[in-house]
Amino acid sequence: MEGLFIQTLVSGLLIGFLYALIAVGLTMIFGMMDIVNFAHGDYLMVAMYFSFWCFALFGMDPLYSLPAVTLLLFGLGILTYYLLIKPIINAPMLSQIFVTFGVLIFLRGLATFLWKVDYRMIPQTVLSGNIHLGDVYIGIPQLTAAAGAIICNGLVLWFLKKTRLGMALEAVAEDKEAARLMGINSDRMFALAWGIGIATVGVAGALLTSFYYVFPEVGANFGLIAFVVVALGGFGSVTGAFAAGIIVGLVEVLSGFLIGPQFKFMFVLVLYLGVVFIRPQGLLGKK
Amino acid sequence: MLNVEGVQLRYSNIPVIHDVSFRVDQGEIVSIIGGNGNGKSTILKGLSGIIHPLIGKVTFNGQDITKASSDAIVALGMSHVPEGRRLFPNLTVLKNLRLGAFLTRDTVEINRRLDYVYGIFPILKERSEQKASTLSGGEQQMVAIARGLMSKPKLLLLDEPSWGIAPILVEKIFAVIREIRKDGVTILLVEQDVQEALDICDRAYVIQTGRVAQEGTGQELLASETIQKSFLGL
C-alpha cells in the first residue's frame, strides 16, 4: 500500500511537470496581451501529430524529431499572431474569444478530416522501458518528459529574466505604452510571445507522443488542465504556472488513487472552482 | 531641432489639440504650460509616436517624424518621460534603467550610461535591486527620468516631473533638469507648477483649449498679467 502511494506521488509529480510546460505558453500569452488562447491544447495536438508522422513516415523517433516539432510550432505561433491575433488585438474580448475558439474548432476539424478519429500510438520508441527504485516503477518516457519539461521551463524563465528580449517581453506585459516609449516594438514582442508560447507546447507534444495516444481531441483534456493550471498559478505568472502544474498533477493522481480514477478530473476541476472562489488571482498572480 | 507646424491631435477621434505650432532649438529648455485638460500631455504623445497627428507636420533634426513609429523616434534621439512616470512596477530599478537603453546592445555603452545616471541620482544605485513599485514617489520620478536618459537622447520630453512628489524633492528634480541641460540635452517640459516651469525655461508656450494662447521667454511670461492672473494667483 505504501509503495503504491509513493508510486502515485511520483507519477503525479512527473505528469505535473508536463502540465506546467503545457500551461506556461498559455499564461505567457495571456500575461502579455490579455488574450486567452482557447486553442492552446489543440496546438499540442498538432505537435503530437507532427511527431507521430515523423515516426510513421520517416521512422524518426519522437525524441529526435523534437527540435523540428518545436521549430514548426514556433513558426505556427508567429503565423497565428500575424494572421489572426494582430487584427483583433484591440477588439472587444468577445471577438478575441471567437477567434481563438475558432482556431480550436478549425484545428480539430482539420485533424479529423485528414487523419480520422483513430487513436494512434507509437508502439516502440527509444525511450520505452521502466526503471525501478525499490517498489516504485518509473516509465522512462514519463521521466524524460518530466526532465524535458523542467529544462524547457527553466529555459523560458531564464530567457524572460536574464536576456534583453525577455526583459522587453516583461516590459510589454507590464505596460505596453511605456514599453513603446523605450523603443520596444510591441508588435514584434507579441509575435515572439506567440512563437515561444506555442513552441513550448511543441516540446510538450513531442515528449508526450512517446507514451500517449494521438487523436484529434487529445488537446481538449490537456487544454482544459492547462487552464486550471494557469488559473491556479495566477494568470500571466510563469513561476506560478510551474508550481500549479505540479499541484494539479498531484491532485489528479491522488484523488484517482484515494477515491477512484473516474473522479480524478472532477477533483482537478473542483480545485479550479476553489481557486476561482477563494483566490481568483491565483497563487502568484497580481491584482 | 524640433519643429511642430499646425498639428492637430485626436484622442478617441475627438480633437484635443486643434492647431498647435512651436519649436525647440538645440540646447534650450522650453516649457509648455496650461491648465489641466488642455492637451499638454497629448502634445508630447503626438511627438513620441504614441499617437499620430492627422493634420500638420513634425520635424526632428530635419527629419519628418509625423508618422514615424515610437521605436524609430527613440532611435533618432528623442526620449519621452511620461506623465505619472509609468515605470515597470514589478521589475527592479536596474531592469527599468536597462530597458531605457533597449535599442543599444553595446554593454560597455550601457554601463557607461548607467554610471552617468547613477552620478545624477546616487540613491538609485542603492535601490538598483529593489522593485520599482517599492520606491517613494520622488525616487520613482528619478527612475523615470534616469530611464529616459538611458537612451542617450538629444531631446528629452518631460511630462509633469513634479507630479505627486514632496516639495523639497521638486526643487531637486528641477536642479537635475538644469544639470542635464548643461550636459547637452535639450529639454521640452510640460509642467503644472507654472512658477517653476517659467523660472527654468528659456521660452514657453501657453496652451489653452488645444491652441497656443501665448508664447514668450520665461521672464516675459512671468511678467505677463494674464499669466499672473490665471496661473500664479497674483
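Student: What should the 15 residues of helix H11 (residues 264-278) of chain A span at 1.5 Å a residue, and how far apart are its end C-alpha atoms?

Tutor: This is a predicted model, in which local features need pLDDT of at least 70 and side-chain atom pairs count only at pLDDT 80 or more, while totals for chains, interfaces and linings use all residues. Residues are numbered from 1 along each chain as its sequence is written, and chains are lettered from A and ligands numbered from 1 in the order in which they are written.

Helices (H or I, at least four residues) are DSSP runs, numbered from the N terminus. The expected span of a helix is 1.5 Å times one less than its number of residues. For the 15 residues of H11(A) that gives 21 Å, and the end C-alpha atoms are 21 Å apart, which agrees.

Next come its sides. A residue is buried if 20 or more other C-beta atoms lie within 10 Å of its own, and exposed if 12 or fewer do, with C-beta atoms placed from the backbone. In H11(A) the buried residues are Val268(A), Leu271(A) and Val275(A). Seen down the helix axis, they fall within an arc of 55° (taken from the directions from the axis to the C-beta atoms), so they line one face of H11(A). An α-helix has 3.6 residues a turn, so residues three or four places apart point the same way.

The buried residues of H11(A) pack against helix H9 (218-233) and helix H10 (238-258) of chain A; contact here requires C-beta atoms within 7 Å. On the face turned away from the buried side, H11(A) carries the exposed residues Met266(A), Leu273(A), Gly274(A) and Phe277(A).

How values were computed
Helices (H or I, at least four residues) and strands (E, at least two) are DSSP runs, numbered from the N terminus. Two residues are in contact if their C-beta atoms, placed from the backbone, lie within 7 Å.
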